[in-house]
Structure formats: C-alpha cells, structure tokens
Amino acid sequence: MRRREFITLLGGAAAAWPIMAHAQHAGKTSRIGYLGISSSSLEPHYVGAFRQKLRELGYVDGENIAIEYRWAEGQDDRLPSLAIELVRLHPDIIVTTGTPGALAAMQATKTIPIVMASSADPVAAGLVASLARPRENVTGFTILGPELEAKRLELLKQTVPSVARVAILRNPSNPAVVSYFEATKTAGRTLQIAPDPVAEVRRADEFDEAFLAIASARPHALAVLADRFLLAHRKRIVEFAAANQLPSMYPYREYVDAGGLITYAPSNIELFRGAATYVDKILKGAKPSDLPVQEPTKFELVVNLKTAKALGLTVPPTLLATADEVIE
C-alpha cells in the first residue's frame with residue numbers, strides 16, 4: 001500500500017549539435033542507441049518510462065525516431081562490443097544504463113552524445129569532469145554515490161536491531177564499488193556492524209561460489225551493493241537470501257518486488273524519464289557539456305512485509321510509518 005506520493009556520426013563534435021538540431025526540425029527520423037546491462041524482459045518498466053516521456057515530448061518510435069536496443073543480458077563483458085555495434089549504426093545519441101555501460105559507450109565514441117539514464121558516482125568513475133560541467137559528449141543522471149550505502153546499512157540496523165555481521169555482495173568490475181564499500185565499512189563501524197564476509201561476483205558463473213562463502217560464514221544479514229549487473233540477477237539473489245533466512249537490504253526496489261525484504265533507493269523511473277528530456281534537449285541543439293549531470297530528487301523506502309513475516313521479523317512500526325510502500 002502506498003504511504004505517500006512521492007546524428008549521424010560526425011568527425012567534429014563542435015559541428016554535431018547544430019546539424020542535429022536542423023535535421024530534427026527538418027523532419028529527419030532520429031536514431032537513438034540504447035545500451036542496457038540487463039534485458040528487455042527484466043527492465044520493461046524502465047524502457048516504458050523512457051519511451052512514454054519521449055512520446056510526451058513528441059517523439060514516437062517508428063515515426064520520427066528509431067530506437068536501436070542492445071542488451072548485455074546481465075554480462076558486463078559484452079558491453080564494449082555492444083557499444084561498438086551501436087556506434088557503427090551512426091546513432092544521434094546513445095542512452096546507457098549503469099556505470100559499466102556508460103564507460104563502454106564513452107570508450108567507443110568521443111563524438112556521439114551519450115546520455116546516462118542511471119550512473120553511480122560518475123565523477124569518481126571518470127565519466128565526467130564534474131556534475132556541473134560534464135565531459136564533451138557525456139551527461140545524464142546519477143543515482144548518487146556511497147552516502148546511500150551508509151543509509152541502507154542504517155535502515156537495515158533499524159529493521160534488525162541485533163545484527164552484528166552483514167555479508168556484502170558486490171561486483172568489483174564496477175568502479176563505483178570501491179567508494180560504496182568504503183562507505184559501508186565506515187557506517188558499519190559507527191553502527192557496530194562488521195562487513196563479513198565480502199563476496200564478489202563479476203560473472204554469472206561466480207554466484208554459486210559467492211553464495212557458498214556467505215552461507216558458510218553464517219552472517220546475520222545480507223547487503224547488496226548498487227550495481228546493475230547484480231540487479232539483472234536479482235531473482236537468484238533474492239531466492240538465496242530467502243533459502244538461508246537472511247534479512248537483506250537492496251539498492252533497487254526491483255529486488256523487493258521480487259521478494260526481497262527492504263530497499264532504499266532513488267526512483268529509477270524518474271531517472272529514465274529524465275534521460276528522455278535530455279535526449280530531447282540534445283536533438284534540439286543542446287551540447288551535452290552544457291547539461292549538468294542531475295542527481296535524484298525522489299527516493300523510495302519499500303518494505304516487503306510478507307518477506308519479513310517469512311523471516312520471523314517484526315518490522316518496527318516507526319520504520320513502516322516512514323515507508324513509501326509496504327508490500328503485504
């Protein structure tokens with residue numbers, strides 16, 4: 001129940017945006033490349049939000065725009081080749097999801113505008129020089145950075161007051177994970193929570209080993225660090241947590257929709273709608289370097305009460321009262 005509402009590839013970047021704007025107004029069908037880390041079946045709500053906002057802005061796929069999708073299917077190592085595929089199609093803009101996807105696109109082109117629908121700490125990752133003045137051809141939206149991991153650990157402690165050891169699941173291939181983990185450790189010292197064990201997963205075939213390490217260590221809870229590769233495998237992660245009776249904190253609400261216990265996260269739907277507004281601005285002549293990277297303004301605390309009951313947990317009424325949604 002809801003508690004509250006919450007261009008053609010050109011040789012010179014300097015010449016690109018005016019030509020793009022002229023072509024758009026002349027009735028040209030613009031081509032958008034979309035590089036997704038997950039799959040279309042797992043992220044239809046994100047794609048739907050992006051397309052719906054484009055439609056509101058006057059762009060209809062198959063009429064005045066054409067969207068070319070490439071999906072890594074939860075395999076980050078496929079992103080560089082998929083990004084090159086998109087560049088070879090000479091799109092007007094490439095939209096990316098996740099930090100590894102944005103990095104792959106940036107390495108594939110220095111001229112085609114790149115709009116990050118969602119990225120983690122893009123300055124630390126080297127995607128942009130600063131949020132206010134991003135790179136020449138890269139801009140977009142960020143889910144913020146390590147401060148959210150600290151907040152999540154605090155909320156997990158509120159949910160399970162007795163927790164003293166929390167298993168950490170992370171993808172070390174994501175450059176953002178370094179600052180995320182440091183923030184988690186710092187928050188842990190304050191909350192008297194030890195991050196133990198720390199399990200790393202870079203590829204799908206590493207999950208079994210990571211799960212075995214976590215189960216063998218018998219932690220009191222599990223925290224999954226923000227990463228879209230891990231998100232693509234959310235069903236597997238949630239099922240492991242349930243089978244091992246682990247109260248878990250997640251970085252995206254999709255985990256909780258899949259049966260996870262609790263999440264505190266920016267509204268990704270709003271970020272993907274925002275990406276569509278940046279696509280519109282660039283097609284109309286704006287330079288990515290003049291569009292600041294935007295931080296989220298809407299956050300969601302979602303609790304799965306059904307999962308809490310299955311774990312034998314009583315979620316504090318004060319936490320439920322502040323939740324934006326409780327799944328029963």
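For the classes used below, Ala, Val, Leu, Ile, Met, Phe, Trp, Tyr, Cys and Pro count as nonpolar, Asp, Glu, Lys and Arg as charged, and the others, Gly among them, as polar. The model is predicted, with local features needing pLDDT of at least 70, side-chain atom pairs counting only at pLDDT 80 or more, and totals for chains, interfaces and linings using all residues. Residues are numbered from 1 along each chain as its sequence is written, and side-chain values use heavy atoms, leaving out hydrogens and water.

Two or more lining residues come from each of α3 (79-88) and α4 (99-108); helices are DSSP runs of H or I, at least four residues, and strands are runs of E, at least two, numbered from the N terminus. Helix α4 gives the largest share, four residues. By class, seven lining residues are nonpolar, four polar and five charged.

Turning to the strands, seven of them form an open sheet of mixed pairing, ordered β7-β6-β8-β9-β10-β11-β12, where pairing requires at least two DSSP bridges between two strands. At its edges, β7 (194-200) and β12 (325-327) each pair on one side only. Strands β10 (residues 262-266) and β11 (residues 299-304) run antiparallel, joined by five bridges, and threonine 263 stands opposite valine 302 in β11.
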